[in-house]
Amino acid sequence: MIRKKVCLLGSFSVGKTSLVQRFVKGVFNEKYLTTLGVKIDKKKITINEIEMEFVIWDLAGEDDFMTVRQSYLRGTSAYLLVVDGTRNETLETALLLHQRMQKENKFLPFVLLINKSDLKAQWDLNVQKIKELKESGWNILETSAKDNEGVEESFQILAMALLENRVQNE
Amino acid sequence: MSNYDNKETDIDLLRNLLLGEEKNKIEVLEQHFDDPEKRIQDVSSVLPQAVKLSICQDDKLNNELIPVVEDAIKASVKRDIHVFADALYPVMGPAIRKSISETFKHMIQSMNKVLEHSFSWRGIKWRFEAWKMGKSFAEVVLLHSLIYQVEQVFLIHKETGLLLHHTSLAEIVQQDTDLISSMLTAIQDFVHDSFNDSLNEKDDKTKKTKNDSEHSLNQISLGEFSIWIEQGPDAVIAVVVKGTAPKKLRQKLILTLENIHHQHAKAMQNFSGDDTEFSIVDEQLQGCLLSQFQPENNKISWAIWGILFGGILGVIFWLFIYFQEVQHWQKYVQIIQSEPGLVITDISEDTGQYVIQGLRDPLAREPEKILTESSLTQPVILGPLTFNILTQEQIVHRFEPYQSLTEGFIEKRAVQLLKAPDTVEISVKNGVLRVSGQSSLRWKRQLKSQTAYLPGLNQLDIGQLEVAVDLPRLNAPEEVRLHYDDGLLNVSGSAPDSWIQSIETNALSMTNVEKVNLDKLVNLDKVHLKQLERDLETESIFYEVGKTLIANISSDETIIRIISKIKSLIKQSEQLSIPIKIIVQGFSDPVGPYNVRLNISYLRAENIRQFLIDNDIDGSLLDAQSMINNNKIYADLNEYNMSLKRRVSFSVDIQNDEKRN
């Protein structure tokens with residue numbers, strides 16, 4: 001079976017851990033517990049009858065005081081950029097993180113998740129920027145760990161991208 | 001062109017001149033190398049030695065051959081399983097046997113260890129520790145006797161942190177090795193980033209790999225566990241160690257990691273998440289599952305010796321007891337066999353119980369009693385131990401009643417049946433029941449009828465059996481002989497009337513006297529009475545012709561004598577209480593008429609009667625009778641004879657004894 005390391009990147013409190021919990025265990029907890037360092041989980045996923053196991057590195061959120069440890073990103077096969085729809089600055093952080101990945105020559109499959117779609121009324125994002133990103137070919141999904149919206153799908157997209165990469169490499 | 005050709009030719013010529021021989025050799029060699037057959041021959045001649053040499057030098061050839069051999073075996077099994085099965089068949093049996101014997105050996109060793117620890121002070125301490133810690137005793141024993149043990153080996157892809165391969169001891173509970181692998185990588189990264197960043201920044205990239213291993217986390221400790229980590233360029237080897245491992249473990253890890261890198265460097269560099277191709281490193285990783293225990297005391301523990309010794313002693317003791325028990329049992333059977341009135345028909349042993357069957361005369365001793373009286377069931381004292389070898393409960397008696405016909409039992413039965421008094425002795429010999437001594441008449445009378453019920457008897461001898469009669473009590477005079485037989489007392493001889501009068505009553509009042517026979521007993525007083533009677537009857541008083549009175553009668557000697565005799569007679573009769581009648585008989589000579597004679601004879605008798613009455617003789621006892629009858633007269637009577645007829649005589653009538661009473 002193929003196993004892939006996948007990292008979840010994003011600002012603090014965007015809902016990375018909640019997304020992993022929803023994806024891996026199918027649960028959601030309102031309580032917020034900030035992740036220290038990294039939390040690792042795994043989940044089996046089947047795409048086109050090919051089994052794949054994601055080893056998901058849920059990295060501590062990036063903020064003014066703490067940056068994502070580069071070493072944690074080493075060897076990752078794909079990554080999810082998570083943005084909190086209600087906080088526009090999280091989009092900025094996501095873009096910065098993406099740039100950092102690019103800098104490390106890691107042109108890897110990724111998906112941008114705009115989380116907290118259950119609070120869409122309170123969204124406050126640079127819509128123009130989102131549009132531009134979409135146009136430039138970014139995979140962008142609206143998700144809600146709470147309502148279980150787009151979570152499975154986002155991982156599916158990631159898996160598909162990884163499979164495509166694999167075929168190309170071969 | 002021709003010049004050039006010439007030049008070529010010249011060079012060839014020169015070459016031929018200079019290197020002609022070598023060229024030929026090279027051609028031959030070329031041909032040799034181009035020919036696959038010849039190369040095969042060459043390789044085959046050096047291959048065995050080359051393999052041998054390679055094996056001696058290092059494990060490289062082995063390691064290279066492993067996948068080849070494994071694939072070959074797999075292919076062979078896949079193609080035809082029987083070929084491999086047939087080849088393995090002869091080795092399977094011994095291998096299984098060896099495995100079993102090793103397992104047993106190990107089991108005995110571990111038992112030995114547990115026992116050793118169980119009975120020692122240390123063992124007790126550990127047991128307390130196990131109780132306190134809530135662990136099993138075996139776990140604590142392992143904890144203390146273990147120096148170190150590598151429980152798990154992780155081969156982690158350095159770049160991704162993904163697990164390439166994992167192996168562990170069979171008894172280790174499997175956890176999520178993927179997560180452990182990743183988390184371990186994250187921790188290493190964290191530590192590395194936190195403490196080595198400044199160092200690494202100064203180093204150039206070529207040194208990075210070296211520094212990676214030098215400054216990275218290589219050991220994590222957690223309670224009794226530690227994780228040893230060894231970094232390689234593409235993979236990390238991490239082992240979970242219980243206890244304190246020696247440095248040689250790290251050497252082993254380095255060597256293993258190097259080997260793996262050597263063999264699989266490319267695969268690791270191109271690793272894309274598929275770990276299946278790394279299953280072949282399992283054997284190498286297994287080589288890292290090292291362990292070391294406290295030097296085992298291979299000597300059998302004193303506890304085992306103790307148990308063995310105790311066991312042997314127990315067996316010897318049991319055998320001794322069993323032997324004794326059998327001996328006692330046989331002795332008891334012998335006792336029963338020799339006991340009169342008991343016949344053994346069968347003996348058997350059934351689940352620790354001895355069954356004795358047979359026949360028993362009711363008069364014989366009870367077997368249970370014999371057993372109790374014998375010393376066989378007595379407790380045996382052996383030092384501080386007191387135990388019973390044979391118990392009453394162990395022996396089951398099944399005896400049917402029967403009658404023994406041995407003389408002893410006939411005798412016993414006779415004594416019991418006849419209820420003989422103490423004065424009687426009973427013995428049986430040759431079928432004859434001999435009864436002697438003294439008994440009552442009644443008992444003697446019953447004897448014959450009762451002995452008829454006794455089997456085994458032919459004859460009854462009671463010649464020596466006397467009926468007890470207290471004859472001296474009769475105070476018999478010397479002249480009297482007493483003979484007692486079967487209730488009849490025969491009295492013979494002579495005795496005075498007074499004794500005779502009481503003898504019958506006295507005798508009959510005595511026990512065992514039913515009858516008294518006095519027929520042969522002479523009554524001396526009666527004899528005397530008869531004598532007096534005869535004496536009187538010899539007397540006669542003679543008269544002259546025609547006279548009825550006697551002259552001077554008072555002084556007549558005859559008359560005086562007669563009176564005396566009559567008085568004696570009466571006295572005797574009175575003493576005997578026998579009534580008598582004295583008849584005074586008057587006679588006359590036959591001359592003259594009958595009436596005259598009658599008258600004269602009567603007067604003569606009457607006159608004498610009167611005279612006797614006058615002389616104090618009771619007249620009621622006297623009777624005067626004329627003895628004249630009218631018979632023919634004797635013609636030849638002379639005077640003398642005639643004078644004899646003129647007389648008075650006496651006749652005494654004594655009544656019978658019966659009349660006395």
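In this predicted model, Glu533(B) and Lys530(B) share helix α16 (residues 524-537) of chain B, where they sit three residues apart, about one turn of the helix. Their side chains make a salt bridge, with the closest N and O atoms 3.7 Å apart.

Over all chains, the structure holds 23 salt bridges. One of chain B's bridges joins Asp486(B) to Arg445(B), with 3.3 Å between the closest N and O atoms. That pair links distant parts of the chain, 41 residues apart: Asp486(B) is in the loop between β16 (480-485) and β17 (488-495), and Arg445(B) is in helix α14 (residues 441-451). Both ends are partly exposed, Asp486(B) at 44% relative accessibility and Arg445(B) at 39%.

Turning to the interface, 21 residues of chain B are in contact with 17 residues of chain A. About 1800 Å² is buried between the two chains, and carbon and sulfur atoms give 47% of that area. Five salt bridges are found across this interface, along with 10 residue pairs in polar contact. On the side of chain B that touches chain A, helix α7 (residues 177-202) gives the most, with 10 residues. As for individual bridges, Arg3(A) pairs with Asp275(B), the closest N and O atoms being 2.2 Å apart. Arg3(A) and Asp275(B) also belong to a network of salt bridges that links them with Lys42(A), Glu53(A), Asp176(B) and Asp178(B).

Aromatic side chains come next, with 10 aromatic pairs found over all chains. The rings of Trp329(B) and Tyr332(B) have their centres 6.4 Å apart and their planes at 40°, so this pair is tilted. Both residues lie in helix α11 (residues 302-338) of chain B, three residues apart, about one turn of the helix, and both are buried. Trp329(B) also pairs with Tyr354(B), this time in a stacked arrangement with 4.6 Å centre to centre and 25° between the planes. Tyr354(B) lies in strand β8 (residues 353-360) and Trp329(B) in helix α11, so the pair ties together parts of chain B that are 25 residues apart in sequence. Tyr354(B) is buried, as is Trp329(B). In chain A, Phe23(A), Phe54(A) and Phe155(A) form one aromatic cluster.

Rings also meet charges. In chain B, the charged end of Arg647(B) sits over the ring of Phe587(B), 3.8 Å from its centre. In chain A, the charged end of Arg87(A) sits over the ring of Phe12(A), 5.0 Å from its centre. Arg87(A) is placed in the loop between β4 (78-84) and α3 (88-103), yet counts as buried at 17% relative accessibility. Polar atoms of the Arg87(A) side chain also lie by backbone oxygens, 2.9 Å from that of Phe12(A) and 3.1 Å from that of Ser13(A). Beyond residues up to four places away in sequence, Arg87(A) touches several others, including Ser11(A), Val14(A), Lys116(A), Asp124(A) and Leu125(A).

Notes
Residues numbered from 1 in each chain as written. Chains lettered and ligands numbered in written order. Predicted model: local features only at pLDDT ≥ 70, side-chain atom pairs only at ≥ 80, totals over all residues. Heavy atoms only, no water. Phe/Tyr/Trp six-rings, centres within 6.5 Å; stacked < 30°, edge-to-face > 60°. Helix = DSSP H or I, 4+ residues; strand = E, 2+ residues; numbered from the N terminus. Buried < 20%, exposed > 50% of the residue type's maximum accessible area, 1.4 Å probe, protein only. Lys NZ or Arg CZ within 6 Å of the ring centre and 35° of its normal. Contact = heavy atoms within 4.5 Å. Buried area = accessible area lost by both parts, 1.4 Å probe. Salt bridge = Lys/Arg side-chain N within 4 Å of Asp/Glu carboxyl O. Polar contact = N/O pair within 3.5 Å; in protein donor to acceptor, adjacent residues only side chain to side chain.
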